[in-house]
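Let's take a friendly walk through the charged side chains of this protein, one question at a time.

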Amino acid sequence: MTDTRPIIIAIMGPTASGKTAAALDIAQNIPSEIISVDSALVYREMDIGTAKPSQEERASVPHHLIDIIDPSQTYSVAQFREDTLRLITEIRQRGKLPLLVGGTMLYFKGLTSGLDDLPGANPEIRAKLDEEAAQIGWPGMHAKLSSLDPVTADRLKPNDAQRIQRALEIIELTGKPLSELHSGQQARSFPFDIIPIALEPSDRSKLHERIALRFDQMLKDDLLIEEVRKLRERGDLHPGMPSMRCVGYRQTWEYLDGEFDRKALREKGIAATRQLAKRQLTWLRSMPERISIDCLSPNALSDIMTHVENAL
């Protein structure tokens, strides 16, 4: 590694592509520490539905940015960037290789491309927007956003509650539409040379089989259902929160509300996970600089290791 542009490795990919296994394999050969790039793994008490690395896996290699906040809290891209830049420096000072591992592509983008100077979340404004949405629905809120910021509204779906809420919150806080603030973005420098290794399936149906198998494991013995039931019983969470919008959690919450039966929970959970994987793959394929590895290949781990060794 050079002093001017130190190298870090990023293991990226859709859900169920084998990112954790790849990172652990690298760490067995090169002294490393893993920085999670996953917006769901930050939450405590959410282990089953997030497919969180096991205690054994986390004991074998140091992991960071897992179990760092309560499900009632929020964790922004700006916080992720600040924490990750600090962790990369600390890991390098310990003589280890930083491994960025995950599938939250917005985190990767925020880390390497910089961020807009946007205000932080405001609980009072969000509560007011939630109340309004409860009355007119998120499509109604989307219509409201269309009149205030048509550029942003045009790229959001009418039921994308989280992003619609954020766009309206920005307008309340700044008096300016999000699209106008985005247009003035200045990328901040990223002081590392990142090697993006993307795990991508040569056969999408095989990835879908993995997704279904993993969701079935979550439902086995009601593990996911009981996890969400305990979170509901706390009394301070609701389905509009970012934590409860995570794939699997939203569908299980609705199941516990009696909106559909267990068979439908399985179907909806698998479908939502497939949609997540599709979005992740679309984002990855917009990155021409990535090193693409077939995650279904029996040689995937050795191919990844070869690229890592060549980069270092």
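Q: How many salt bridges does a search of the whole structure find?
A: Keep in mind that this is a predicted model. A pair counts when a side-chain nitrogen of Lys or Arg lies within 4 Å of a carboxyl oxygen of Asp or Glu. Searching the whole structure on that basis gives a total of 21.

Q: Lys52 forms a salt bridge with which residue?
A: Look for a carboxyl oxygen, since a salt bridge pairs a nitrogen of Lys or Arg with an oxygen of Asp or Glu. The closest N and O atoms of this pair are 3.0 Å apart. The partner of Lys52 is Asp47.

Q: Why are Glu90 and Arg86 separated by about one helical turn?
A: The side chains of Glu90 and Arg86 meet in a salt bridge, with 3.5 Å from N to O. Glu90 is partly exposed at 26% relative accessible area, and Arg86 is partly exposed at 41%. Both belong to helix 3 (residues 77–93), and the separation is about one turn because their spacing along it is 4 residues.

Q: How many residues apart in sequence are the parts that Arg232 and Asp257 tie together?
A: Arg232 and Asp257 form a salt bridge whose closest N and O atoms are 3.1 Å apart. Arg232 sits in helix 10 (residues 223–234), while Asp257 is in the loop between helix 11 (249–256) and helix 12, so the pair ties together parts of the chain whose separation in sequence is 25 residues.

Q: In which helix does Lys278 of the positive surface patch lie?
A: Lys278 gathers with Lys157, Arg204 and Arg279 in a patch of positive charge on the surface. With a relative accessible area of 45%, Lys278 is partly exposed. Lys278 belongs to the stretch of residues 262–284, which is helix 12.

Notes: Residues numbered from 1 in each chain as written. Predicted model: local features only at pLDDT ≥ 70, side-chain atom pairs only at ≥ 80, totals over all residues. Heavy atoms only, no water. Patch = residues over 30% accessible without salt bridge, like charges linked within 9 Å, V, L, I, M, F, W, Y side chains within 5 Å. Areas by Shrake-Rupley, 256 points an atom, 1.4 Å probe, with all protein chains shown as cover. Lys, Arg positive; Asp, Glu negative; His and termini not counted. Charge placed at Lys NZ, Arg CZ, Asp CG, Glu CD. Helix = DSSP H or I, 4+ residues; strand = E, 2+ residues; numbered from the N terminus. Buried < 20%, exposed > 50% of the residue type's maximum accessible area, 1.4 Å probe, protein only.
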